[in-house]
Amino acid sequence: MNVFPPMLNERLFVPFLDEVDGTLCLPASATAAEIAAQTTLYQLRFPLLLDESLPLRDQITATTHASASCRFGPFCDNILGMNWRLPSGRIARIGERVVKTTTGYDWLRFLLHSGSRFGEPTDYVVRLRPDCGFTVVALFEGTYTALENGVSQLLHSGWMHWWDAVDFITDATGSKVRVVVHCVPSEAAIFVRQLERIASSIHAHFTLHQPTSPPFDGLPDLVLKTTVDRVQSLASELSREVERSIAFCYCGVLHLYLKPGVNLTERIHALAQKVAPELHDIGGDWYSRWLPAMPPTITESPWLQTLEQAIHDTCTP
Amino acid sequence: MMGPWRSFVLKASSIDISTHKHSLVKSSLESQLKTLLPRGRVFTSAAQLAGYGADGLGYKNHIPDAVVIPADAEELVGFMKGAKALHVPVILRGAGTSLSGGPVAAQGGVIVHTSALKRIREMNVKGFWCEVECGVALNDLDAALKPHGVFYPPDPSSGPVCTLGGNVASNAGGAHCFRYGVTSNYVLGVEAVTLDGTVHRFGGPAGGRGPWREDWKRFMIGSEGTLAAFTRFWLRLLPLPEKVWTFRATYPDLKTTEAAIHALVAHTSYPAAIEMLDPRGVAMVESSQMACGLPEGSFMLLVEIDGPEPLVNARVEPVAELLRRAGSKDVMFSDEDELRKKLWKARKAAGGLLGQLSPAYVVQDAVIPKRALAEVLQLVYDEADAAGIPAVNVFHAGDGNLHPNFLFDSRVPGDLDKVELISKRLMQRVIEVGGTLSGEHGIGNDKSSYMPLVFGPDSMRLQLAVPASFNPAHQMNPLKVFDNRRFAA
């Protein structure tokens, strides 16, 4: 028997910044600049951003990962809670404002990238990280084999935990590996020495840049989820069919950017169909913000109907 | 004179009839189970079932009607196919180390012990993933991975025996979650068997949705055996850090300890673990054979940083200085394995000592915003002292994940009521300050009555829709997570 009467309200999140926990509740429409405006004062940052001017909601809807997911994990590990507008118009609280929870079923991770079928977020609670004050971007250029070797060295040691990003990029200029380091200024030399050591061992051309902000690559047209040991070769195989590709090497995620123009959706669809069987076999998937979501399988249709019925029932007093 | 005698005869006869009927039902269940599990084991005798009455929570005992041990995954699938027709609850169980009353037969039924599914099926070091069966013990996986230079980060203290099936079912955490995260951060795929015996593969080595429209594995992780049986998982791995430094510092009061924790969580060294032991825990350790010279009345912080040697070595002095600046006069630290073990000694010993000191204890698992640490801990002390119930706090301070342990004797009338009252007041305050009921233990049947504190009417509907999708009759692990999940055969 319950010792507590049922709650009368939904405990919705209200905007806050908790500088001790490093958590921030803000509208889903907030942009990178708006997030930074709130966090910089407290030497905190939200590292998982793809675009400087687009709302956070659009970025999270477009993909599951960002470049800095190498270090901090996917969006779903960095969004702690949401206010979620159900199709009925009612708003429900999903998730928490604390970093750990196993209270009930995980609707947060289920809904975060579910498209608009179940509604949409109105606010996010995001997890912030210490802003160490110094960002350096290293670029390795060389043969595919050299870069493959370089990525292996970058990932298969304890240094891997400290790279914000290890990205394999292909574009019109060729292939390169981009490593983003975010650290306190006093540690920069330690990181640079390690990067130089790797560059030297693979005979790659190596340059360092000190940007004012981490790279914003924009929203991908097509996202592929594969394994860590397949993502780089897949990027290479598809490089001729896209304008640019960015493989997040530790995450097994490939962001593809196609040439804009006619038949964009058809081209994306063709590309997705080409790789879908391989991806599905290993528990991977694809997603494009330009295409409708896949139809549900026969097995999941009744599960979806039950969930939709529950959501519909939220209109009923 | 006839009245009482007649009454006695009727009573005796009804007991006899009921016992006879029960034994018939039981023998029928036993024969059905033996048909479903021709190669596995079926236990029905009182002596065999006794060990399955409780989990790590200890004091709540629910003897199941039967226990089965499928010989392998194939037999588990066969059992699930026939389980619906048994018309009894089905409860999956790994090592039974849960601390929330999860894998117990709260409404009777059959416990499915997954101890035979203990194969590590594949380790793909290049791809940073492994495939394991649900009965693999956590530390066995660690030992298998270590020679390859990789590890699976979640590290609940029951690691030597707890199974990955239980870890996934309860979304287990551990001491190093502050930087590394919990189980849900590392599960790439789940193979689950629903009650009709259908095998579903949600995700896989690539960690995506697979051919599904939705990411169903998200509901499976942390579902406490209420949706499906798990047979195997695909888990994400990380490279082992080369160097580890452990720090131990003591503080004179709660306020300075809280200040140290606040400074540590924002520090650019990104500690892997920030653990705390309160003065009652310190006193418990110091009066035992595990004494390690901690000052009386002190709060102890245990901090760990790790990484590549040149990097982590450069962070040692800044962390030590932070601990000193926050008010500690005895900061100790080391990178040598033997010394590090000594620094961990008090933290590790505390859990075991609780069991020796008290016939029973309840450990809560609330997570709170860290600015409320001192306030909520004070509430624990005030409430426990007023009720005369000893309380010891040993917990994951970096995550704000409290583990107040309330020591009591379930044989003393009223003791359990007092503990439940303290827990109720604690949970109310936890929710008021913006926290949640459980960070890593799960809800089980221990915290299910507090769920209405967390979920409003709309979010409660959404919550209950999840078991309604996969297990609408609540045959799987009834009375867990939500206490209105009752199986009606």
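Predicted model: local features only at pLDDT ≥ 70, side-chain atom pairs only at ≥ 80, totals over all residues.
How do the two strands pair, and over how many bridges? Strand β1 covers residues 16-18 of chain A, and its pairing with β2(A) is antiparallel, over three bridges. One residue pair can be named here. Asp18(A) has Thr23(A), in β2(A), as its bridge partner.

β2(A) spans residues 23-27. Is this strand mostly covered or mostly open? It is mostly covered: of its five residues, four are buried.

β2(A) also pairs with β6(A), a strand made of residues 120-127.

## Where chain A meets chain B

Now look at the contact between the chains. Chain A brings 71 residues to it, and chain B brings 89 residues. Which elements of chain A each supply at least two residues to the side that touches chain B? They are β5 (91-95), α4 (107-112), α7 (228-238), α8 (264-281) and α9 (300-313). The most comes from α9(A), which gives seven residues.

What kinds of residues make up this side of chain A? There are 30 nonpolar, 23 polar and 18 charged residues on the side that touches chain B.

Terms used. Residues numbered from 1 in each chain as written. Chains lettered and ligands numbered in written order. Contact = placed C-beta atoms within 7 Å. Nonpolar A, V, L, I, M, F, W, Y, C, P; charged D, E, K, R; others polar. Buried ≥ 20, exposed ≤ 12 C-beta atoms within 10 Å, placed from the backbone. Pairing = 2+ DSSP bridges.
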